[in-house]
Amino acid sequence: MDLGPSHIVEASGQAVDGHTALARKYHGAAVFYFGYGVYYLARIIALGWRSDWNRHGFSPALAWAFIFVGILITVAFPYFIWRQVRWFAIALAVVVFLRSVYLFSQGNVDFFLAPFLVSAAAAWMLARAAWDL
């Protein structure tokens, strides 16, 4: 039975092939942040279709430009997290944590509960990777 190099483990319990516990935390945070971005994009698009974007002062072209920027962020940020850029993960963890605090401070539980839970979970995943918790 050949376990191959991906199953070689040091005495400390850390994998030798680069799949350390810290790398798994960063990879999990990257995947979770990608889901966080997709969740927010879907929510914004749904709100835009359900209501009129012009009501908020945005032309449809500007609204779609913001959505395009959101797509870029949704793809680029998880890439930097996956690559284990620690300072980026720390900064993003702080920003997402502050967003979750803001969402928690809003009084409308029906509207803000799901975004708060998703933001808080994303902040935890990022902090867990950035500070190796």
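This is a predicted model: local features need pLDDT of at least 70, side-chain atom pairs count only at pLDDT 80 or more; totals for chains, interfaces and linings use all residues.
**Stop one: helix H4.** Select residues 109–130. This is H4, with 22 residues. From first C-alpha to last, the helix reaches 30 Å, close to the 32 Å expected at 1.5 Å a residue. Now colour its buried positions: Phe112, Pro115, Phe116, Ser119, Ala122, Ala123, Met125, Leu126, Ala127, Ala129 and Ala130. An α-helix has 3.6 residues a turn, so residues three or four places apart point the same way.

**Stop two: past the helix.** Go to Asp132, which follows H4. Its phi is positive, near 50 degrees.

**Stop three: Ser119.** Step back into H4 and pick Ser119. Is Ser119 buried or exposed? Its relative accessible area is 0%, under the 20% cut-off, so Ser119 counts as buried. Show its contacts, leaving aside neighbours within four places in sequence: Tyr36, Tyr40, Val96, Arg99, Ser100 and Leu103.

**Stop four: the pocket.** Keep Tyr40, Arg99 and Leu103 selected; they also line the second largest pocket. The space inside is about 180 Å³.

Which helices supply at least two residues each of this lining? They are H1 (21–50), H3 (86–105) and H4. H1 gives the most, with four residues.

Finally, colour the lining by class. Eight residues are nonpolar, two are charged and none is polar.

Terms used
Residues are numbered from 1 along each chain as its sequence is written. Side-chain values use heavy atoms; hydrogens and water are left out. The expected span of a helix is 1.5 Å times one less than its number of residues. Buried means under 20% relative accessible area, exposed over 50%, partly exposed in between (1.4 Å probe, protein chains only). On a 1 Å grid over the protein atoms alone, a cavity is a set of points where a 1.4 Å probe fits but cannot get out, and a pocket is an open set with protein on both sides within 12 Å along at least five of seven lines; lining residues have an atom within 4 Å of a point. Grid points are joined across faces, edges and corners, and a volume is the space filled by probe spheres set on the points. Ala, Val, Leu, Ile, Met, Phe, Trp, Tyr, Cys and Pro count as nonpolar, Asp, Glu, Lys and Arg as charged, and the others, Gly among them, as polar. Contact means heavy atoms within 4.5 Å.
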